[in-house]
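Thank you all for coming.

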Amino acid sequence: MHTHTVSELAAALAAGEFSSVELTQHYLDRIASLDGEINSYITVTPEAALAQAKQADERRAQGEVTPLTGIPLAYKDIFCTDGVKTSCASRMLDNFTAPYNATVVQRLADAGAVMLGKTNMDEYAMGSSNENSYYGCVHNPWDKERVPGGSSGGSAAAVAARLCAAALGTDTGGSIRQPAAFTGITGIKPTYGRVSRYGMIAFASSLDQGGPMAASAEDAAMLLNTMAGFDERDSTSANEAVPDYTADLNNSLQGLRIGLPKEYFDEGLDVDVRASVEQAINVYRALGAEIKEVSLPNTNLAVATYYVVANAECSSNLSRYDGVRFGHRCDDPANLEDLYERSRSEGFGNEVKRRIMVGTYVLSAGYYDAYYLKAQKLRHLISDDFSKVFEEVDVIMGPTTPTTAFKIGEKVDDPVAMYLSDVYTVACNMAGLPGMSIPAAPVNGLPVGLQMIGNYFDEARLLNVAHQFQQQTDWHRQMPAGV
Amino acid sequence: MSLDQSDIKKIAHLARLAVDETETAELSDALTRILGLVDTMEQVDTSGVEPMAHPLHMAQRMREDVVTETNLRDKVQQIAPAAENGLYLVPKVIE
Amino acid sequence: MQWETVIGLEIHAQLATKTKIFSGASTAFGSEPNTQACLVSLGMPGVLPVFNREAAKMAVKFSSAIGAELGRRSVFARKNYFYPDLPKGYQISQFELPIVGMGKVEIVQENGDVKVVGVTRAHLEEDAGKSLHENFHGMTGIDLNRAGIPLLEIVSEPDIRSAKEAVAYARKIHQIVRYLGICDGNMQEGSFRCDANVSVRPMGQEKLGTRAELKNINSFRFLERAINIEVDRQIDLIESGGEVVQETRLYDSVKDETRSMRSKEEANDYRYFPDPDLLPVELDDDFIADAVAEIPELPDARCKRFVDELGLSLQDAGVLTSSREMADYFETASVGNDAKIAANWVMGEVSAVLNKQGLDIADCPVSAEMLGGMLKRIGDNTISGKIAKDVFEAMWNGEGSADEIIEARGLKQITDSGAIEAIVDEVLAANGKQVENYRNADPDKQPKMLGFFVGQVMKASQGKANPQQVNALLKERLG
């Protein structure tokens with residue numbers, strides 16, 4: 001059952017080949033036997049999952065079905081789930097049972113989807129390797145000595161190891177696309193504002209966006225159909241019509257204009273990864289696309305700019321974790337200052353503290369203009385680079401990451417080297433554009449991600465472009481050995 | 001830009017993070033390296049460029065002035081570290 | 001040395017919206033602790049703010065009322081600091097681009113001259129919760145019901161030169177927000193709070209002295225006290241060789257002193273930046289027009305109209321327009337009646353009884369319509385002014401309308417000249433001696449002596465004889 005895509009599972013459930021309860025139990029069994037070595041879940045909710053599955057089967061019997069009815073999914077532990085621990089992989093929220101559902105969680109529940117549990121991640125989504133988790137690192141199912149990427153590493157690994165049919169991730173600087181690339185799955189970060197952020201614990205509010213992580217573009221389209229749309233509880237939610245993302249999947253790519261930014265193919269790119277990406281581009285050439293070189297001249301500044309903006313916002317967003325109303329509180333605080341300082345120091349991990357410190361610094365008196373304001377201006381330039389390119393192409397393509405998955409512990413002592421591995425993904429968030437990663441030909445048995453960036457609210461085209469590639473290749477069908 | 005230990009202590013206090021001497025030294029090193037990366041921003045002349053606070057070019061939507069929320073006190077105080085008689089408790093605040 | 005006092009006020013007016021500025025939680029005062037602290041008020045992980053339209057509308061009204069430059073595009077910013085009553089660790093406020101720009105109000109000084117006080121800006125922000133310092137095992141209790149209630153922070157220019165002027169300015173702003181219906185103005189409940197920035201400098205010096213910010217002032221009387229005490233403290237300090245330090249000081253009305261707030265002493269670095277959860281507030285012409293259309297006639301304009309159109313004195317018009325409720329009451333009561341008589345009644349009898357009973361005019365048991373009905377009976381000579389006082393008291397006690405009371409008690413004035421003549425003749429006949437004295441008296445003294453006969457006639461008629469007719473008839477008979 002687990003080798004099926006979501007669309008195949010939906011068809012099998014509709015045909016009565018198996019029930020949602022059977023399917024859910026199958027995934028729960030796989031999690032129980034396989035996740036010990038992968039550590040992709042923080043919390044598994046078997047009873048609630050089976051209850052939802054039973055309900056889905058009943059609804060199906062009554063003819064109330066959506067394409068996601070009875071499909072078992074995993075949610076990154078950053079999405080609030082009513083009555084279920086929502087930890088953000090932080091000691092700070094180890095004891096936090098969310099009192100409400102995130103909007104996307106509610107929408108998926110209303111559509112009849114089944115939640116298997118909550119997936120591991122970098123603490124507060126800060127990281128590119130999933131090594132920054134209070135619950136331990138996640139192991140890449142393709143090579144358990146390697147990272148799955150981050151921050152949505154648990155969701156990526158769970159999908160890659162088929163420990164769920166599909167999963168939810170969030171992407172602030174590449175946190176859906178980079179782990180998707182490292183684990184050989186398909187992930188899409190929608191346009192900023194496309195998916196509600198309500199109930200998605202904030203890292204950097206002007207950059208965060210939730211999206212699906214799945215085995216195929218078609219599956220991602222099915223999930224996005226339910227996730228996307230206006231939410232009156234999110235001021236930054238776009239009030240734009242949501243198309244049926246599955247409707248245009250089979251459009252022809254004849255005449256599609258693809259831009260390859262020369263800055264994404266520079267000396268920092270691993271030669272084998274480059275070869276894999278170029279091979280993928282050739283598939284598009286064969287499908288009738290026109291390929292041209294374009295330029296995003298401020299790419300080299302995107303990482304620096306990103307770390308100023310994201311950390312400034314995070315330093316403020318994480319001030320609410322003060323040990324007063326929820327979350328970790330230190331023992332026997334001597335006074336108020338002690339309560340704040342010890343609760344926060346004990347509750348947050350090192351990377352989170354580093355980023356809060358950087359963010360506090362760049363906003364502080366005397367440095368605001370040189371750092372924060374400067375970064376906001378560069379953000380404008382980075383965004384303008386894309387606007388110019390989209391005047392002449394329909395989709396931008398390139399590698400998702402400069403290398404394949406690196407080894408656990410390899411970059412853990414060098415935050416800057418870790419940050420630079422996000423070089424191809426962060427600019428997309430700065431501009432708010434939709435971005436996607438799909439599997440290209442692996443290198444030395446490790447997955448490679450082909451990144452595509454679309455214009456604002458052009459998710460349907462990205463999904464179409466990705467789906468057509470997946471009609472020609474089977475990289476997305478490959479599974480790691482031993483799962 | 002390099003940060004010395006007194007800078008680190010000042011920032012840590014603003015962020016209400018307790019840092020001991022070892023952490024201060026580590027943070028001083030890490031932040032200096034991160035700011036080294038960040039300082040590459042200086043390469044570009046941004047005079048005359050408008051700051052961009054947000055990717056969405058939209059105006060704030062306004063909500064009607066209608067009560068939509070109900071009393072959730074019991075539910076939310078179950079997850080509070082310290083609450084009594086409906087109040088959240090903190091060490092005595094001196095004014 | 002001669003010292004000059006320089007004062008700027010920061011007024012926090014809680015806006016009278018039904019719900020909070022960024023969530024649909026109720027703003028009703030006096031509920032059980034934390035029962036109105038919704039997920040957004042609590043700063044729960046993952047929640048987001050959505051802006052209340054009514055708060056924007058109220059700010060537009062205020063902007064228009066003080067002739068300010070409206071911020072058609074304003075931006076919410078985060079003011080970052082840690083405090084237990086501030087759930088998110090930041091307050092959503094406005095910093096660089098406030099919704100209300102430079103405006104001004106006029107105040108009347110003690111000598112009667114009008115002075116213009118500049119309003120630098122007014123911006124929208126969310127209120128914090130409350131810390132309750134009663135003893136919970138040596139802990140402080142936090143109630144977040146107030147967290148997120150919209151505030152309009154109104155910042156004046158340092159144009160104010162005395163405690164009295166400060167009070168006049170604060171009263172003016174109070175009057176405006178109450179007229180606009182955007183704030184209930186209740187200082188005891190904290191709906192209208194004044195902080196005063198106070199400094200002194202040698203007379204003639206340009207440079208401003210170091211200022212202290214006075215907080216915790218919850219009445220106009222205390223505002224005046226606190227400023228005067230602080231000015232004295234600063235002058236004493238400087239004259240004895242000390243220096244004023246920039247700090248926040250708490251006014252203690254019990255000890256009648258200001259004292260340094262140690263907890264706020266630390267130099268703050270608020271790290272303001274635009275709130276990424278909110279987008280710029282853009283106000284279009286229709287929105288502004290709708291808000292402005294709801295603005296009632298404002299106190300200055302109303303006062304002028306009372307003088308120009310109703311012929312009231314400036315002073316009376318000022319008293320009657322001090323609150324919108326009183327002005328409304330007066331206007332309703334005066335319809336079809338003599339405005340001056342109506343004004344005298346509202347400022348006299350009505351205000352006196354209300355004061356005595358500690359009631360607001362809005363709670364007056366005699367409605368403006370009822371008072372107007374009574375004034376009509378004075379106007380058409382049905383009752384005299386004297387009888388009217390009895391009628392008013394009866395209306396207050398719930399005995400019905402003026403007409404009902406006049407009817408029930410038989411208070412209708414005697415205007416039938418035959419009846420009055422009979423009484424007059426009777427009185428003159430009974431007082432032959434006084435009649436003779438009157439006739440022999442010096443003509444200058446006669447008017448005064450006439451009062452005796454009037455009194456006798458009124459007494460004989462149980463107050464019901466028309467006084468004008470009585471006077472005329474007496475003069476005729478005695479002349």
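Let me begin with a question: is Ser175(A) buried or exposed? Ser175(A) counts as buried, because it has 37 C-beta neighbours inside 10 Å; the cut-offs are 20 or more other C-beta atoms within 10 Å of a residue's own for buried, 12 or fewer for exposed, and partly exposed in between, with C-beta atoms placed from the backbone.

Before I go further, please keep in mind that this is a predicted model, in which local features need pLDDT of at least 70 and side-chain atom pairs count only at pLDDT 80 or more, while totals for chains, interfaces and linings use all residues. Residues are numbered from 1 along each chain as its sequence is written, and chains are lettered from A and ligands numbered from 1 in the order in which they are written.

Ser175(A) sits in the loop between β4 (166-171) and α6 (177-183) of chain A, where helices (H or I, at least four residues) and strands (E, at least two) are DSSP runs numbered from the N terminus. If residues up to four places away in sequence are not counted, Ser175(A) touches Ala125(A), Gly150(A), Ser151(A), Ser152(A), Gly169(A) and Thr170(A), contact being defined as C-beta atoms, placed from the backbone, that lie within 7 Å. Lys76(A), for its part, belongs to strand β2 (residues 72-76) of chain A, and it counts as buried because it has 31 C-beta neighbours inside 10 Å. Leaving aside neighbours within four places in sequence, the contacts of Lys76(A) include Thr119(A), Met121(A), Ser152(A), Gly169(A) and Thr170(A).

Staying in chain A for a moment, helix α4 (residues 103-110) has Thr103(A), Val104(A), Val105(A) and Leu108(A) buried, and the buried residues of α4(A) pack against β2, β4, β6 (209-214) and α7 (217-227) of chain A. After α4(A) comes Gly112(A), whose phi is positive, near 95°.

Now to the interfaces. Where chain A meets chain B, the contact takes 55 residues from chain A and 39 residues from chain B. On the chain A side, α12(A) gives the most, with 11 residues, and that side divides into 28 nonpolar, 17 polar and 10 charged residues; here Ala, Val, Leu, Ile, Met, Phe, Trp, Tyr, Cys and Pro count as nonpolar, Asp, Glu, Lys and Arg as charged, and the others, Gly among them, as polar.

Which angle do α9(A) and helix α2 (residues 21-38) of chain B make where they pack? The angle is about 125°, with the axes 8 Å apart, which makes α9(A) oblique to α2(B). Axes are lines fitted to C-alpha atoms, for helices over the stretch in contact, and angles run from 0 to 180 degrees between N-to-C directions; angles under 35 degrees count as roughly parallel, over 145 as roughly antiparallel, 65 to 115 as roughly perpendicular and the rest as oblique. Val303(A), Ala304(A), Tyr307(A) and Val308(A) in α9(A) meet Ile34(B), Leu37(B) and Val38(B) in α2(B), and this contact divides into 7 nonpolar, no polar and no charged residues.

With chain C, the contact takes 34 residues from chain A and 26 residues from chain C. Here α9(A) gives the most to the chain A side, with 3 residues, and by class that side has 17 nonpolar, 9 polar and 8 charged residues.

Finally, chain C itself. One open sheet has 8 strands in the order β6-β7-β10-β1-β11-β12-β13-β14, with mixed pairing, two strands being paired if DSSP finds at least two bridges between them. Strands β1 (residues 3-14) and β11 (residues 192-202) of chain C run antiparallel and are joined by 11 bridges, and Gly8(C) has Asn197(C) in β11(C) as its bridge partner. A further open sheet of chain C has 3 strands in the order β5-β4-β15, with antiparallel pairing; β5 (90-94) and β15 (273-274) stand at its edges with a single partner strand each, so one side of each is left without a neighbour in the sheet.

Key: Two residues are in contact if their C-beta atoms, placed from the backbone, lie within 7 Å.
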